[in-house]
Amino acid sequence: MSRAPVVRAVAAFAVIATSLFIALTMSPRLGLDLRGGTQLVLETQDSPTVKADAAATDRTLEVLRRRADGLGVADAPLARSGERRIIVELPGVQDPTKAAEVIGKTAQLTFHPVIAVPNPADETKPKDGELILPDEDGSPLHVGPAALTGDGVSDAQAGIDAQQGSGWFVTVDFRDNGRAEWAELTGQAACNQPGDPKRRVAIVLDSKVIVSPQVNESVGCNVGLAGGSTQITGTFTAEEAADLALLIKGGSLPVPVEIVEQRTVGPTLGAAAITASAQAAVIGIILTALFIIVIYRLVGLIAAFALACYALISYAALVGLGATLTLPGLAGFVLAIGMAVDANVLVFERAREEYEAEPGLRGSLEKGFRNAWSAVADSNITTLLAAGLLFFLASGPVRGFGVTLSIGVIASLITAMVITRVIAQWAVSLQGVAARPRMTGLSSIGRVRTWLNTHKPDLMGRRALYLLVTCVLVAASVAGVAVRGINFGVEFTGGRLVEYSSSTPMTADAARALVSEAGFPNAVVQTSGDDISVRTGQISPAEVVRIENALESQGAQVTKERDELIGPSLGDELRRNALIALGVALAAQLAYLAFRFRWTFGLAAVLALAADAAIVIGAFAWMGKPVDGVFLASMLTVIGYSVNDKVVVFDRVRELWGARPKASFAEVTNTSILQTIPRTVNTGLGALFILAALAVLGGDSLTDFAVALLIGIVVGTLSSALVAGPIAIELEKRSPGTPPAPKRKGPARPREGSGAVV
């Protein structure tokens, strides 16, 4: 007896038990768009003395980490992205202005000897290394080269002298090397008479004198302050003293930094997104489960249980790997539930065919799993290609979509080929089930397939019409791009996008008028119920406050829910990467399909995919919907999902062509399409249930994502039969190929080992 079923059963139990343990004992790591907070993307810049390479960026990252800790954000996630970018996440920090000022400030702290107080009429230029800067009172101050930098500082703390009432001050402690330099600097200043400007020491932060006190008269000449500590006094408020101490303690950045991206999300928006996605997931799973139970009866019920296991395994994998769950990632998790039913449908449809050819539940089911493996593997690999491109070429939360989609694909393989297989083989072996094969759902190929087999419609006889309609749709899409243009989101153009929630509904015209009166006549203002979105160019946080005040001028209470700032250079880069991602996705699918099948099959599939993508883009152009990172995620998903259908069709074409080498290629293609229509329709409906729930419940953030996928899946499903097939026929006419060798038939060779497919 083969040990394969036992091995699969043990593996299935181990996977489910491990996933359940992880899900019950570990918590997910939520992205900032789900839990609220601020994310900054900083780009290091070359300084006159230091090049902003990877090493300098790593040193800068450590300084930023100390500053984030000082803000009270313990263990804030910081990571280098590429050679010159640093991603800083500050959970719970809702004030992007303060976060940007404290985290991203260059903070070049230096200590200078004072040379003189220059006469404003004196045009004497300072020598090399010397500077003329305004002091804390605004008067010019001539200072010498820096004698000590912030690298010599070990600690800084804000304090207050409550007894003498002298106000807030900052105590600065020096390291060993800084102590000697500080003592030398103050010792030289002490050699001058009290009242002489040269007795002062200027403490400069970012080329601004924050304080320039005189050295105390008790300090001896050339002795200096040897205690290794000093106090900076001034007219500080408590907050100013705390921020100054934080900057000094954090130290100087090795190189200047520039904020190229900023995202701030309110916690209520994230909570609403989690609730909406959870509701969509529950509704989608229930509808999908009911659908496959109605279609496939007992094995459909088993597949529904496997779907629940899939959700558990996917969630446990996300938590166990420490992956960050973002809003697009959550959408990917929900969508992958619909895609997970694909492998089950492929197997069950194949098992139905095997039962019709040779009745026998257990044997038919085993052949269904074995013969469907090729199509299942190919379709999932092509989806993984698209998910991998999202991870490597996208940025921000969209990368999370690539991660969750990849995990979902792998989890769906495990649930379909291991868990469903174990339970289904056990169920059909039961005596009561074997005596009633109709209850399994495998004893009949179904009404649709029966009708198609009886009438055998010649779909490929009208292939010229299908190609003409496709060309018209593509032309209309191109016209939409040319006439309406592509509404690139702020992520691809650069600029600022701020979303507010209003206590009272406001029309788009009213909100647009208020924003225009605030000084932003070119801003793009949109409203949806109580939500107001304002999209502008590069504006400052102060100007954002001005817009908020203008919206509140009519008595409504406005709450900022989201604030995104994208620098122009980053916007160009993201737009370029999006085009590269789409191009590479099509090229990767072509290469893989050409390798697994024939180049004619691969080219036909890719041309159909290009038409699918063009139609989706054109639809968004005509509707005026934004094309942003989330749209990129949906497009690559459409490509991955659409190619699944085409892989199944061409896999069946290859099989039938080998079995009927003398039949015409058009006839083989037509038969293959008719045989795979039930699988294509059933899989598409499973995904449509999920997407419809997301479109209705997902809110503004996920509605456009769901709409793009709804259009893409419908178009992709039709193009698999009516576009890819006809193109393959025309290509084979011009480059006829040899039919593949038919599968060898005969007695099965005895298995050796477990033979388990996992």
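User: Before we look at the sheet, when do two strands count as a pair?

Analyst: Two strands pair if DSSP finds at least two bridges between them. Keep in mind that this is a predicted model.

User: Okay, so which strands form the open sheet, and in what order?

Analyst: There are eight, and the order is E3-E4-E2-E14-E19-E16-E18-E17, with antiparallel pairing. Now look at the edges: strand E3 (78-81) and strand E17 (524-528) each have a single partner strand, so one side of each has no neighbour in the sheet. From one strand to the next, the twist averages 20°.

User: Can we zoom in on one pair? How many bridges join strand E14 to strand E19?

Analyst: Five bridges hold E14 (residues 257-265) and E19 (residues 558-566) together, and the two run antiparallel. To find your place, pick Glu-261: the residue opposite is Ile-566 in E19.

User: And which strands does helix H15 touch?

Analyst: Helix H15 (residues 508-517) packs on the sheet against E17 and strand E18 (531-536), and its direction makes about 145° with that of E17. Helix H16 (residues 541-551) packs on the sheet too, touching strand E16 (495-502), E18 and E19. The direction of H16 makes about 30° with that of E16.

User: Let's switch to cysteines. Which two does a disulfide join?

Analyst: The idea is to look for a pair of cysteine sulfur atoms within 2.5 Å. By that rule the count here is one disulfide: Cys-191 with Cys-221, S to S 1.7 Å. The torsion about their S-S bond is about 85°, so the disulfide is right-handed.

User: How do I tell whether a cysteine is buried or exposed?

Analyst: Buried means under 20% relative accessible area, exposed means over 50%, and partly exposed is in between. Cys-191, at 34%, is partly exposed, and Cys-221, at 40%, is partly exposed as well. Cys-309, at 5%, is buried, whereas Cys-471, at 52%, counts as exposed.

User: Last one: at what angle do helices H19 and H20 pack?

Analyst: H19 (residues 629-659) and H20 (residues 665-697) pack at about 145°, with their axes 8 Å apart. The crossing of H19 past H20 is right-handed. Their contact has ten nonpolar, nine polar and three charged residues.

Note on methods: Residues numbered from 1 in each chain as written. Predicted model: local features only at pLDDT ≥ 70, side-chain atom pairs only at ≥ 80, totals over all residues. Heavy atoms only, no water. Helix = DSSP H or I, 4+ residues; strand = E, 2+ residues; numbered from the N terminus. Axes fitted to C-alpha atoms, helices over the stretch in contact; angles between N-to-C directions. Contact = heavy atoms within 4.5 Å. Buried < 20%, exposed > 50% of the residue type's maximum accessible area, 1.4 Å probe, protein only. Left-handed = near helix turned anticlockwise from the far one by under 90°. Nonpolar A, V, L, I, M, F, W, Y, C, P; charged D, E, K, R; others polar.
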